[in-house]
Amino acid sequence: MRLYFKPGACSLASRIVLIELGRDFTAVSVDTDAGRTEDGRDYRAVNPRGYVPALELDDGRVITENPALLQYLGDLEPGLLTPPAGSWDRVRLQEALNFISSELHKAFSPFFQGEATGDRLASAQAHLSRRVGEVERMLDGGSAYLLGDRMSVADVYLFVVLNWAGFIGFELQDWPRVSDFMARMGERPSVQAALTQEGLLKAAA
Ligand SMILES: N[C@@H](CCC(=O)N[C@@H](CS)C(=O)NCC(=O)O)C(=O)O
């Protein structure tokens with residue numbers, strides 16, 4: 001399998017899941033501005049939408065879009081990071097993945113696209129605060145993870161997206177469950193390994 005990624009981008013979630021599952025994969029860095037892979041190929045031939053992540057299977061088929069890709073990976077080891085298809089927990093997983101993808105992830109976009117400046121900064125921050133407040137509510141059941149006591153692919157995606165808060169100077173300390181969740185996830189060996197592979201954490205000497 002080949003994972004097309006950009007360091008620190010949402011593709012980091014797929015990398016963490018691949019490491020959690022102990023799967024072999026090749027990571028291919030993409031310059032999304034230039035539309036080129038690190039080995040000089042036209043990235044739009046892989047993902048015509050031009051963004052990461054994309055996962056290319058050994059038979060050449062390609063999966064894109066975080067919710068679909070993360071569920072595909074999770075299902076390689078049934079029951080570990082994805083509840084069974086058709087179960088109520090699977091419905092909750094899809095609900096969480098779609099919220100993270102369309103509501104939370106996109107609430108960060110103005111900060112990365114240079115739109116959260118001047119008059120627009122306060123409204124972008126207020127919008128993001130509402131979304132993070134919703135995550136705080138979703139973690140309200142006293143469980144360690146979104147679906148209960150077992151981590152799922154949605155938790156991995158949530159961690160990766162909320163980790164961007166540090167890059168834009170957005171403090172998470174006002175949301176105690178979110179802060180605890182981030183600390184818990186950040187300690188996982190798979191997360192540490194993925195961050196190190198993408199150059200976001202120094203390897204231990
Ligand atoms: N809907 C897509 C969004 C992916 C996305 O926003 N990717 C960002 C990185 S987090 C990206 O590649 N941005 C560069 C670009 O759009 O050119 C998904 O869920 O996979």
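## Ligand surroundings

In this predicted model, local features need pLDDT of at least 70, side-chain atom pairs count only at pLDDT 80 or more, and totals for chains, interfaces and linings use all residues. Residues are numbered from 1 along each chain as its sequence is written, and side-chain values use heavy atoms, with hydrogens and water left out.

## Polar contacts and cover

Polar contacts are pairs of N or O atoms within 3.5 Å. A nitrogen atom of the ligand lies 2.6 Å from a polar side-chain atom of Glu 65. The backbone also takes part: an N or O atom of the Val 52 backbone is 2.8 Å from a nitrogen atom of the ligand, and one of the Asn 66 backbone is 3.0 Å from an oxygen atom of the ligand. On its own the ligand has 510 Å² of accessible area, of which the protein covers 77% (Shrake-Rupley method, 1.4 Å probe).

## Aromatic pairs

The whole structure holds 4 aromatic pairs. Rings of Phe, Tyr and Trp (its six-membered ring) pair if their centres lie within 6.5 Å; planes under 30 degrees apart count as stacked, over 60 as edge-to-face and the rest as tilted. Phe 108 and Trp 164 make an edge-to-face pair, with 5.6 Å centre to centre and 80° between the planes. Phe 108 belongs to helix α3 (residues 88-112) and Trp 164 to the loop between α5 (153-162) and α6 (176-186), so this pair ties together parts 56 residues apart in sequence. Helices are DSSP runs (H or I, at least four residues), numbered from the N terminus.

Phe 170 and Trp 175 form a stacked pair, 5.9 Å centre to centre with 15° between the planes. Both Phe 170 and Trp 175 are buried, as are both Phe 108 and Trp 164 (buried means under 20% relative accessible area, exposed over 50%, partly exposed in between; 1.4 Å probe, protein chains only). Trp 164 counts as buried because its relative accessibility is 6%. Ring pairs also link Phe 108, Phe 112 and Trp 164 into a cluster.

## Nonpolar surface patch

Phe 112 also belongs to a nonpolar surface patch with Phe 167 and Leu 200, together about 310 Å² of accessible area. Patch residues have over 30% relative accessible area and no salt bridge, and nonpolar side chains (Val, Leu, Ile, Met, Phe, Trp, Tyr) are joined within 5 Å, like charges within 9 Å. A salt bridge is a side-chain nitrogen of Lys or Arg within 4 Å of a carboxyl oxygen of Asp or Glu. Leu 200 lies in the segment after α7 (189-197) and is partly exposed, at 33% relative accessible area.

Conventions
Helices (H or I, at least four residues) and strands (E, at least two) are DSSP runs, numbered from the N terminus. A polar contact is a pair of N or O atoms within 3.5 Å; within protein, one must be able to donate a hydrogen and the other to accept it, and residues adjacent in sequence count only if both atoms are side-chain atoms.
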